[in-house]
Amino acid sequence: MKIIKKDGRIQDLEVEKIKNSIWGASKDSNTIINESDLKILTNRVIKIVTEIRGRDGITSSYEVQAIIIESLYKDGFKRIANAYLRY
């Protein structure tokens with residue numbers, strides 16, 4: 001899976017970057033998120049993107065961000081989602 005970055009570059013979609021961005025937003029919001037929740041959220045984001053774009057598809061950083069925010073809200077991590085919006 002590839003991702004179009006905000007500056008137009010196309011790169012491989014890195015799961016670790018998704019995980020790190022959620023973790024960073026949790027720190028910014030002073031909300032503790034455990035490793036299990038972080039893994040569940042990250043896996044859900046990848047699953048949704050894959051369902052939308054296919055395994056060999058191309059997504060955008062904007063689409064991934066929207067999916068992350070939606071997943072955070074859905075799982076009750078509203079403070080982290082709000083911090084992620086500012087991220």
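# Close-up views of a predicted model

For residues 1–87, UniProt lists "domain: ATP-cone" in an unreviewed entry; UniProt positions are given in the numbering used here, feature names are shortened, and such annotations may be inferred rather than shown by experiment. The end C-alpha atoms of residues 1–87 lie 23 Å apart, and the span is 64% helix and 10% strand, where helices (H or I, at least four residues) and strands (E, at least two) are DSSP runs numbered from the N terminus. This is a predicted model, in which local features need pLDDT of at least 70 and side-chain atom pairs count only at pLDDT 80 or more, while totals for chains, interfaces and linings use all residues. Residues are numbered from 1 along each chain as its sequence is written, and side-chain values use heavy atoms, with hydrogens and water left out.

**View 1. An open sheet of three strands has the order β2-β1-β3, with mixed pairing.** Because β2 (10–12) and β3 (58–60) stand at the edges with a single partner strand each, one side of each is left without a neighbour in the sheet. Neighbouring strands of this sheet are turned by 35° against each other on average, direction ignored. Strand β1 (residues 2–4) runs parallel to β3 and is joined to it by three bridges, two strands being counted as paired if DSSP finds at least two bridges between them; within this pair, Lys2 stands opposite Ile58 in β3. Helix α3 (residues 61–74) packs on the sheet and touches β1 and β3, its direction making about 70° with that of β3 (axes are lines fitted to C-alpha atoms, for helices over the stretch in contact, and angles run from 0 to 180 degrees between N-to-C directions).

**View 2. The largest nonpolar core holds 20 residues.** Such a core is a set of buried Ala, Val, Leu, Ile, Met, Phe, Trp, Tyr and Cys residues joined through side-chain atoms within 4.5 Å. Ile18, Ile22, Ile33, Val45, Val64, Ile68 and Leu72 touch the most other members. The elements giving two or more residues to this core are α1 (15–28), α2 (35–53), α3 and α4 (78–86), and α3 gives the most, with five residues. Leaving aside neighbours within four places in sequence, Ile33 is in contact (heavy atoms within 4.5 Å) with Ile22, Trp23, Ser26, Leu38, Leu41, Phe77 and Ile80.

**View 3. Ser71 lies in helix α3.** Ser71 has a relative accessible area of 3% and is therefore buried, a term that stands for under 20% relative accessible area, with exposed meaning over 50% and partly exposed in between (1.4 Å probe, protein chains only). Not counting residues up to four places away in sequence, Ser71 touches Leu41, Arg44, Val45 and Ile48.

**View 4. The structure holds seven salt bridges, among them one between the side chains of Lys2 and Asp12 (2.6 Å, N to O).** A salt bridge is a side-chain nitrogen of Lys or Arg within 4 Å of a carboxyl oxygen of Asp or Glu. Lys2 in strand β1 and Asp12 in strand β2 are 10 residues apart; Lys2 is partly exposed at 35% relative accessibility, as is Asp12 with a relative accessible area of 46%.

**View 5. Lys19 and Glu35 meet through their side chains in a salt bridge (2.6 Å, N to O).** The pair links distant parts of the chain, with Lys19 in helix α1 and Glu35 in helix α2. Lys19 counts as partly exposed at 23% relative accessibility, and Glu35 counts as partly exposed at 49%.
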